[in-house]
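Subject: Handing over the structure

Dear colleague,

I am passing on the structure that you will be working with, and below it I have set out what was found in it. Please keep the structure open beside this message while you read.

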Amino acid sequence: MNQWLTAILLGIVEGITEFLPVSSTGHLVLATELLGFRAEDWAVFNIAIQPGAIMAIVVLYWRTFVAVWRGLLTWEPGAVAFVRNLLLAFIPAVVLGLIFDDQIEALLENATVVAWALIVGGVAILVVERLAKTQNVLGIAGVSVSQSVKIGLVQCLAMVPGVSRSGATIMGAMALGIDRRTAADFSFFLALPTLSGATVLQLVKHRDEIGVDDLQLIGVGALVSFVVALVVVKAFMAVVTRHGFAPFAWYRIVAGIVALAVLNS
């Protein structure tokens with residue numbers, strides 16, 4: 001398949017799955033394999049196009065960013081708590097990501113790990129949805145310091161492709177008693193430093209391997225993921241509000257089983 005078409009297709013996959021609890025990295029690994037390419041050859045691309053999806057959050061929530069920025073200028077408690085909580089949740093991923101970078105990168109080449117992680121993660125979502133006792137929290141600023149740190153620790157599970165960063169953070173937050181809407185918002189905003197950091201790390205680490213053609217492919221993939229994510233995030237919140245996360249859990253389980261069947265055929 002033509003590389004440009006592959007970049008567009010992978011951009012679509014990234015845009016659809018980045019903020020859903022289904023694992024964007026896992027889907028990109030599986031999509032790469034199913035398209036007939038070696039996952040390791042597209043590992044850097046799959047990470048580097050994430051900023052496209054991140055920009056969708058910036059565009060959709062620009063009023064929140066402006067409000068927080070203005071609040072920080074006057075040291076408004078809510079704005080300070082908002083930034084503090086996201087930074088606390090981001091730190092565990094930085095520490096473990098730097099320590100286990102090579103091991104994490106090796107997992108990005110293993111489609112079987114992804115398939116199993118999809119299944120196990122789907123079951124975990126069903127369990128949390130059924131058992132979690134949540135209460136309304138006054139937005140991200142209303143999340144406590146200890147809850148923020150714990151959400152950050154849970155996010156580290158997503159270093160295993162197929163677990164899902166958004167799934168881990170949302171379910172982790174709900175297990176800590178945080179309502180669905182705040183859990184989803186926390187996950188969206190936490191994506192900015194987490195995915196940006198992962199992208200910078202990969203680009204710096206593999207800078208000698210990335211040529212002009214690679215950068216052009218990354219640019220196309222990022223642009224496509226941005227446009228698709230704009231649509232998906234709005235639709236995602238509508239589904240969650242009405243049906244919860246169970247539809248995504250069942251999708252994960254079915255997708256994982258199908259992937260295992262195809263990979264072992």
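I will begin with Val-22, which sits in the loop between α1 (3-17) and α2. Buried means under 20% relative accessible area, so Val-22, at 2% relative accessibility, counts as buried. If you look for Ala-238, which is 216 residues away from Val-22 along the chain, you will find that the C-alpha atoms of the two residues are separated by 17 Å. Please bear in mind throughout that this is a predicted model, and that the values I quote are computed from it.

The aromatic rings come next. The structure holds 8 aromatic pairs. One of them joins Tyr-61 and Phe-189, whose ring centres are 5.1 Å apart with 70 degrees between the planes, an arrangement that is edge-to-face. Tyr-61 lies in the loop between α4 (50-60) and α5, whereas Phe-189 lies in helix α11 (residues 180-205), so the pair ties together parts that are 128 residues apart in sequence. Tyr-61 and Phe-189 are both buried.

A further pair is made by Phe-236 and Phe-248, and here the centres of the rings are 5.3 Å apart while their planes stand at 65 degrees; because planes over 60 degrees apart count as edge-to-face, this pair is edge-to-face as well. Phe-236 belongs to helix α12 (residues 212-243) and Phe-248 to helix α13 (residues 246-263), and the pair, with its members 12 residues apart, links distant parts of the chain. Phe-236 is buried, with a relative accessible area of 2%, and Phe-248 is also buried, with a relative accessible area of 11%. Ring pairs also link these residues into a cluster, whose members are Phe-19, Tyr-61, Phe-65, Phe-82, Phe-188, Phe-189, Phe-236, Phe-245 and Phe-248.

Let me turn to helix α5, which runs over residues 62-73 and has 12 residues. From its first C-alpha to its last, α5 reaches 17 Å, which is close to the 16 Å expected at 1.5 Å a residue. Just after α5 comes Trp-75, found in the loop between α5 and α6. The phi of Trp-75 is near 55 degrees, a positive value in a residue other than glycine. At 64% relative accessibility, Trp-75 counts as exposed. Ser-164, in the loop between α9 (145-155) and α10, likewise has a positive phi although it is not a glycine, with a value near 90 degrees. Is Ser-164 buried or exposed? With a relative accessible area of 3%, Ser-164 is buried.

In helix α10 you will find Thr-169, which is buried, with a relative accessible area of 1%. The side chain of Thr-169 reaches the backbone oxygen of Arg-165 at 2.9 Å, and a polar contact of 2.9 Å joins the side chain of Thr-169 to that of Ser-187.

The largest pocket holds about 630 Å³ of space. Its lining is made up of 35 residues, and those that lie nearest the centre of the pocket are Ile-104, Met-159, Thr-194, Leu-195 and Ala-198. Which elements give two or more residues to the lining of the largest pocket? They are α2 (24-34), α6 (77-99), α7 (101-107), α10 (165-175) and α11, and α11 gives the most, with 7 residues. By class, the lining of the largest pocket divides into 18 nonpolar, 13 polar and 4 charged residues.

As for cavities, the structure holds 1 of 30 Å³ or more, and about 30 Å³ of space lies in the largest cavity. The largest cavity is lined by Leu-30, Glu-33, Leu-34, Ala-259, Val-262 and Leu-263, with α2 and α13 each supplying at least two residues of this lining. The lining of the largest cavity has 5 nonpolar residues, no polar residues and 1 charged residue.

Note on methods
Residues are numbered from 1 along each chain as its sequence is written. This is a predicted model: local features need pLDDT of at least 70, side-chain atom pairs count only at pLDDT 80 or more; totals for chains, interfaces and linings use all residues. Side-chain values use heavy atoms; hydrogens and water are left out. Helices (H or I, at least four residues) and strands (E, at least two) are DSSP runs, numbered from the N terminus. The expected span of a helix is 1.5 Å times one less than its number of residues. Rings of Phe, Tyr and Trp (its six-membered ring) pair if their centres lie within 6.5 Å; planes under 30 degrees apart count as stacked, over 60 as edge-to-face and the rest as tilted. Buried means under 20% relative accessible area, exposed over 50%, partly exposed in between (1.4 Å probe, protein chains only). On a 1 Å grid over the protein atoms alone, a cavity is a set of points where a 1.4 Å probe fits but cannot get out, and a pocket is an open set with protein on both sides within 12 Å along at least five of seven lines; lining residues have an atom within 4 Å of a point. Grid points are joined across faces, edges and corners, and a volume is the space filled by probe spheres set on the points. Ala, Val, Leu, Ile, Met, Phe, Trp, Tyr, Cys and Pro count as nonpolar, Asp, Glu, Lys and Arg as charged, and the others, Gly among them, as polar. A polar contact is a pair of N or O atoms within 3.5 Å; within protein, one must be able to donate a hydrogen and the other to accept it, and residues adjacent in sequence count only if both atoms are side-chain atoms.
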